[in-house]
Amino acid sequence: MPLDANLDPRTHEFKVVGTRPLRPDGVDKVTGRAKFGADANAPGMLVGKILRSPHPHARVRSINTAKAAKLPGVKAIVTRDDFPASVDPSLRDVLYNVMAREKALYDGHAVAAVAATSAAVARKALKLIQVDYEILPHVTDVDAAMKPGAPILHKDMITENVEPAPKKASNIAGRHEFGHGDPEVGFKQANHVVERVFKTEATHQGYIEPHACLASVGTDGTGELWVCTQGHFMVRDTCAALVGMDVSKLRVTASEIGGGFGGKTTVFIEPVALALSRKAGKPVKLVMSREEVFRASGPTSSTSMTVKVGVTNAGRITGGYAELRFQGGAFTGSPVVLGAMSAFACYDLEHVKVVGYDVVTNRPKQAAYRAPGAPMAAFAVESVIDELAKKIGMDPIELRLKNAAKEGTKSSYGPKYNSIGLIDCLEAARKHPHYSAPLGPNQGRGVAAGFWFNFGGQTCVSLNVNIDGTVALVVGTPDIGGSRASMCLMAAEELGIPYDKVRAIVADTSSLGYNDISEGSRVTFSTGLATINAARDAVTKLCARAAKIWGIPADAVVWENGHAKPSGPNAGNFEPLSLEDLAKKAAKTGGPIAGHCEVNADGAGVSFAVHMADAEVDRETGRVQIKRYTVVQDAGKAIHPSYVEGQFQGGAAQGIGWAINEEYIYGKDGRLQNPGFLDYRIPVASDLPMIDTVIVEVPNPGHPYGVRGVGETSIVPPLAAIANAVSAAAGVRMTQLPMSAPHVLKAMDGAKGGGARR
Amino acid sequence: MMPKVQVSTTINGDAVSYLCEVDETLLDVLRDRLGLTGSKEGCGTGDCGACSVMLDGRVVCSCLVLGAEAEGRDVRTVEGIATADKLHPLQEKFLEFAALQCGICTPGFLISAKELLDRNPNPTETEIRFGLAGNLCRCTGYDKIVRAVQAAAAEMRKG
Amino acid sequence: MRFEAPTTVNAAVKLLAGKAGVVRVLAGGTDLLVQMRTDRVAPDLIVDVKRIPSLRTVSAKAGAFRIGAAVAGAELGEHKALRKAWPGVVEAANLIGSHQIQSRATLAGNLCNASPAADSVPALVAAGASAVIAGPRGKRTVPIEAVATGPGKTSLKRGEMVEAILLPKRPPRSGDAYLRFIPRSEMDIAVVGAGVNLTLDAKGVCTAARVALGAVAERVILVPDAAKALIGTTVDAQALERLAAVASAACRPIDDKRGTKEFRIKVAGVLARRAAETALKRARGT
């Protein structure tokens, strides 16, 4: 639904949108009352635990559960035999990841599960399950997995989109290509061409709340599931299919969620909990330990990337090429496609080509991590752009301004951009005091731009008017960033009532129509748009009730400042009726008053960001400290500025961790060596400075108030911004993440000795 | 069958008794036996601080304390920070400054921040950051948390 | 599994020496509970020593200190006299983990857990500290560096427990310091640790020194040659450079997920030098 012709978000005087009220779930969250995934209990509840393969690659020859079943307190055991033999092809990989089928494909892959009367009994029972593994050779590195002779994970994997199709199976699931023109032509026009290879390690979303659920299946086959998830409708539909239930018989309630960032957009333990509960005839609570979260949920890809860019001395980028090699764990689906599409999205290029390879390895099946694929691709491209700027002696923002995508530019991934805010962000960054602040010794400054698509999707909202004129707003997208507050703001704005009179809940799957997952930065856009439309629907009905009361035609009534009014002196001389007035009279004028919207929202606006980072390098140890950080990002329209700033800062912080310290470390034995917060090092409070934010607002024409998604773009520039800063401080180009001290020290020592630059 | 331990302790000012296994942590007891689910398990190994509670006036990771150790001691959890009708300044400022997004780390931060301010009513930004380094937050980047603690400290110094 | 909380050292020793299978002392619990949770140990008996009054006190006598085995790091940090006399030891103890860990972790526990990367141990070794060990056959006092024998292994016999840590009286113009390298700013296990303790004479010449390194060998090592690089000098730039070189040469580290051999060797020298610089400032009273 497009921007109102009458409403220009840049000049419109919003009454409540754009203010910073307290969030409706706030008091519960600061008092410990809020209930998260592991906080629910049920009478007679059993504890579920999962047995996981210690081998990165092994044929599961047999599973003997007899001894475990005899242990007192064990009420149910499930294995691959308890799940359907075949499912819809689109769900096959999900199912085989939830419970290993023929092979265990990574260290941590689930092979069996028990439900018992206590955690101690469950743990004991797991030890009694006998699994006969035939250990196979494994591969965890993306480049190694692509080489001929690498251990093959799936004997039927033939690389897609390759002509002619390969005759032998490999670990390359698919090849994908985007772009237009011919970069080779572009490179010939350049004065300088830089080509570099970059590598990044796998990282995890790092949400503090482990996956948790409480499943309860009755003898009539109906089930209830309490779960922390970003998409409870997806959970319902997927679990129903995997467990063999009618969708209507499964009711899923989304708990408060302790972080997701994309990692909770799929299912891992939920089908197992349901299967256990059905078998045991009792509720089953299944919670992942932190170690299980790292080993067996969905980290993002490790990558190997080649980028080549050519530029003229005058600063025009004449050609861009990238080959991205992403491994997505044991099943197809790395975010290489999104990475390939977004790699050059910031630039107006005549010649651009990106080729992406989706590779499988013996690692856990990847899940989305905040702008999946884009941060890695941006790291590579923005590093090369930075190097080229230095080569031609041009300011890095100036170089980007000279080539920035704008309205009408044909993007590197196909469509033409309509109104976008990249140039606004670049100019705001350049004007910011951070950009011209002096640097101290051993410090360097880095700049990078980033892009994300943002998504729409299926969304339902119901808005019910209560007898006292307050409003119950019912949405179906789990609140992962403060969205309930934003929805209440938008509803209150449309209805012309105080923010405090609107109360939002996230309904369960039986109470509302289908909603897509809270992902893709879609909630403030889609649920917001649906909320606005539901409010307008309610307004239409409220006006009709007033018309009925006054005995005038419905179209002679307008809604202003929370009141129904006659549209003009000809319509009649009636005192305005408030929402409360009309609510009180609802029963007598036709019954309950509600507004609805069921939509497949489109018109989401892409968003751009520019980040600036100052890094200091200890020349004797290689340790990197971030001294200053600024995020400039286009939000379209900030409904609740505090939560927009929060998204900017959170994405930046994850990017900082990813750039400097976070990585999955695999041993030669193919086992994950650091499945815990001690050695998987996310930033702590003393690692970071204050993170300054600038909200740029270039309205998205596709949303009534101009909203663009903000949740993901903020993690796209940091890897490059920090790499550029560290490269400047260290005096050597950093091409590998994370830039942990040993790497930085080695790079600096290598550069000193005149050795090859990495 | 393991012999159970009998414990009498004080939680948020109230006398409480429970039976627990020897290897049950105080966190397990709070959440699974006493229904106090405000303290969270983020890691179970003392690396994230989401389970922070006060034990005899000091902030500890309750996942690294045995339920048996609480005998005769004083335990304070997030459920005991507010009074019956009023939020603590830290809770108010966390809300006002949007110092929480998903909120899972918030109980731990409130306990740690309260102990920090009880010890040091006028901390510098650096002291706040190092004082709270034992509490992981993945959503906020800590910026608004630090500002909320500074604001609460200022408020508490006033009266 | 049994849980006991004796109130005397004798009662504790009796329990530790008793017939029960796997017995563990519980002081701060910050290592023990993690090991239980990750299935590295399944004790039959846990002996909580925090109810023994003599283990919970810090006492000073004629300039020497006696630190009870169950005194927490946070309490050490709050002890003004101890901080003044041994800033290196106290800062090392206070670097272990977060505030939450500090409220519980003890020097004795850090020592007996015998991780080569233990933060407090290099500082204690450099300080010339000793451990009072109580056992079925009575008490004995040993230098700190004789306690850990390898990763997770100590020279304590069955039934023995550390009762106290002793710090000797210090000569005037003495200073100590502990530095470690960690990837973040807090919370990490030391990749390299360096403890330096030195004494100057009235002319500013170093007359005594002890240098200990952590996380660069199978246990904390005392490096006499590193000390020799300082003794007899004014701890000038040249002496410090020699110190760094000797410290690096003394390392026999491993590659692991926290650091490479190469990195540890290099940084050991850097940290030894920086710790010596701080110890020097403290010895000079600056």
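Two strands count as paired if DSSP finds at least two bridges between them. Helices (H or I, at least four residues) and strands (E, at least two) are DSSP runs, numbered from the N terminus.

The model worked on here is predicted: local features need pLDDT of at least 70, side-chain atom pairs count only at pLDDT 80 or more, and totals for chains, interfaces and linings use all residues. Residues are numbered from 1 along each chain as its sequence is written, while chains are lettered from A and ligands numbered from 1 in the order in which they are written.

**Exercise 1. Work out the strand order of the open sheet of 5 strands in chain C, and find its edges.**

Step 1. The order is S4-S5-S10-S6-S7, and the pairing is antiparallel.

Step 2. Strands S4 (58-61) and S7 (138-143) of chain C each have a single partner strand, so one side of each is left without a neighbour in the sheet.

Step 3. C:Phe65 stands opposite C:Leu167 in S10(C).

**Exercise 2. Describe how helices H11 and H12 of chain A pack.**

Step 1. H11 (residues 374-391) and H12 (residues 396-403) of chain A pack at an angle of about 110°, their axes 9 Å apart.

Step 2. Therefore H11(A) and H12(A) are roughly perpendicular to each other. Here, angles under 35 degrees count as roughly parallel, over 145 as roughly antiparallel, 65 to 115 as roughly perpendicular and the rest as oblique.

Step 3. On the H11(A) side, A:Ile385, A:Asp386 and A:Ala389 meet A:Pro396, A:Leu399 and A:Arg400 in H12(A) (contact: C-beta atoms, placed from the backbone, lie within 7 Å).

Step 4. These contact residues divide into 4 nonpolar, no polar and 2 charged (Ala, Val, Leu, Ile, Met, Phe, Trp, Tyr, Cys and Pro are nonpolar, Asp, Glu, Lys and Arg charged, and the others, Gly among them, polar).

**Exercise 3. Characterise the contact between domain 1 and domain 2 of chain A.**

Step 1. The domain assignment, automatic or from a database, gives domain 1 (26-34 + 456-601) and domain 2 (302-414 + 604-752) of chain A.

Step 2. Their C-alpha centres lie 39 Å apart.

Step 3. The contact takes 16 residues from domain 1 and 15 residues from domain 2 of chain A.

Conventions. Axes fitted to C-alpha atoms, helices over the stretch in contact; angles between N-to-C directions. Contact = placed C-beta atoms within 7 Å.
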